[in-house]
Amino acid sequence: MTVALAAVGLGLAAGVVAGLLGIGGGLLFVPTLLALGLGQRHAEATSLLAILPTAAAGAWSQNRYGNVRWRAALVLGVASIGGVIGGGVLAESLPEHVLRKLFAVLLVCVAAQLAWRAWRSS
Amino acid sequence: MRLVLIGVAAGFFSALFGVGGGIVIVPLLVLAAGFDERPATATSLAAIGITALAGTLFYAYHGQVEVAKAALVGLPAAAGAVGGAALQQRLHRREISLLFSVLLVAVAVRLLLL
């Protein structure tokens with residue numbers, strides 16, 4: 001119960017960050033789902049489904065502010081399907097502990113990149 | 001053409017790590033396609049809708065998607081995303097970016113220690 005409540009809280013926080021920075025939904029969903037007891041691959045798979053309502057709500061409300069360029073979004077999204085298949089096949093072939101280590105490395109890289117961009121924009 | 005390459009790279013990262021791909025799309029739209037930050041984040045969210053759908057179908061085929069747990073974190077997140085987008089219109093993002101990067105490092109350390 002406590003874990004479920006924490007998951008709801010973390011989900012909410014992940015959504016705020018996603019709406020704010022345009023990133024961050026999945027980066028927080030995966031560790032949250034790991035804490036709920038899922039394995040790395042199930043956590044990643046489930047995170048992708050959780051991203052759907054987040055991205056839809058985020059895009060819908062950003063659209064009201066006139067910020068979405070739909071043509072570019074469509075090109076990006078359709079092109080991404082090819083990458084999804086490649087990334088998915090690779091994820092299925094890696095042992096879960098390797099996938100988890102790679103995910104942790106990804107978090108550090110994203111953190112560094114965010115900090116650098118924030119620094120540069122000041 | 002640039003958009004196609006960015007999309008493919010984002011899809012690869014998305015499915016490999018279970019993330020939306022915004023971490024790839026947003027900086028590349030800014031640095032390589034000349035987008036401003038706000039249109040970049042907004043356009044990224046719309047693109048991610050398609051990417052995440054493709055990824056979900058891929059993993060559902062392998063029987064690894066847990067719908068109830070996705071709803072547990074995804075539905076509150078949808079509400080949060082609307083709030084976050086509203087905040088973005090008036091908030092300076094620098095402090096949030098720095099705070100979020102500290103949080104990510106903390107989560108990474110924990111995952112590496114597991």
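This is a predicted model: local features need pLDDT of at least 70, side-chain atom pairs count only at pLDDT 80 or more; totals for chains, interfaces and linings use all residues.
Residues are numbered from 1 along each chain as its sequence is written, and chains are lettered from A, with ligands numbered from 1, in the order in which they are written.

## Overall architecture

Chain A contains five helices and zero strands, and its pattern along the sequence is α-α-α-α-α. Chain B likewise has five helices and zero strands, arranged along the sequence as α-α-α-α-α. Helices (H or I, at least four residues) and strands (E, at least two) are DSSP runs, numbered from the N terminus. The C-alpha trace of chain A spans about 40 × 35 × 30 Å along its principal axes. For chain B, the C-alpha atoms fill a box of roughly 40 × 35 × 30 Å along the principal axes.

Of the 122 residues in chain A, 57% are buried; of the 114 residues in chain B, 56% are buried. A residue is buried if 20 or more other C-beta atoms lie within 10 Å of its own, exposed if 12 or fewer, and partly exposed in between, with C-beta atoms placed from the backbone.

Two residues are in contact if their C-beta atoms, placed from the backbone, lie within 7 Å. Among contacts in chain A between residues at least 6 apart in sequence, those joining residues at least 24 apart make up 45%. The corresponding share in chain B, for contacts between residues at least 6 apart, is 39%.

An automatic or database domain assignment supplies the domain bounds. Chain B is divided into domain 1 (1-65) and domain 2 (67-114), and the C-alpha centres of these two domains of chain B are 17 Å apart.

## The contact between the chains

Chain B contributes 82 residues to the contact and chain A contributes 89 residues. On the side of chain B that touches chain A, the elements giving two or more residues are α1 (2-17), α2 (22-32), α3 (37-61), α4 (67-88) and α5 (93-113) of chain B. The largest share of this side, 21 residues, is provided by α3(B). By residue class, the side of chain B that touches chain A comprises 53 nonpolar, 24 polar and five charged residues. In this classification Ala, Val, Leu, Ile, Met, Phe, Trp, Tyr, Cys and Pro count as nonpolar, Asp, Glu, Lys and Arg as charged, and the others, Gly among them, as polar.

Helix α2 (residues 25-35) of chain A is mostly covered, with ten of its eleven residues buried. Among the buried residues of α2(A) are Leu27(A), Leu28(A), Phe29(A) and Pro31(A). Just after α2(A), Gly37(A) adopts a positive phi of about 105°.

Two packed helices are described by the angle between their axes and the distance between the axes. Axes are lines fitted to C-alpha atoms, for helices over the stretch in contact, and angles run from 0 to 180 degrees between N-to-C directions. The table gives these values for two pairs.

| Helix pair | Axis separation | Angle |
|---|---|---|
| α2(A) and α3(A) (residues 40-64) | within 9 Å | roughly 135° |
| α1(A) (residues 2-21) and α3(A) | 10 Å | about 40° |

Angles under 35 degrees count as roughly parallel, over 145 as roughly antiparallel, 65 to 115 as roughly perpendicular and the rest as oblique. Helices α2(A) and α3(A) are therefore oblique to each other, and α2(A) passes α3(A) in a right-handed crossing. A crossing is right-handed if the near helix is turned clockwise from the far one by less than a right angle, and left-handed if anticlockwise. Residues making this contact include Phe29(A), Val30(A) and Leu33(A) of α2(A), and Ala50(A), Ile51(A) and Thr54(A) of α3(A). The contact of α2(A) with α3(A) involves seven nonpolar, five polar and one charged residue.

Helices α1(A) and α3(A) are also oblique to each other, and their crossing is right-handed. Gly15(A), Ala18(A) and Gly19(A) of α1(A) meet Thr54(A), Gly58(A) and Ser61(A) of α3(A).

## Val30 of chain B

Val30(B) lies in helix α2 of chain B. Val30(B) is partly exposed because 17 other C-beta atoms lie within 10 Å. Leaving aside neighbours within four places in sequence, Val30(B) is in contact with Phe35(B), Glu37(B) and Ala40(B). The C-alpha atoms of Val30(B) and Ile96(B), which are 66 residues apart along the chain, are separated by 18 Å.
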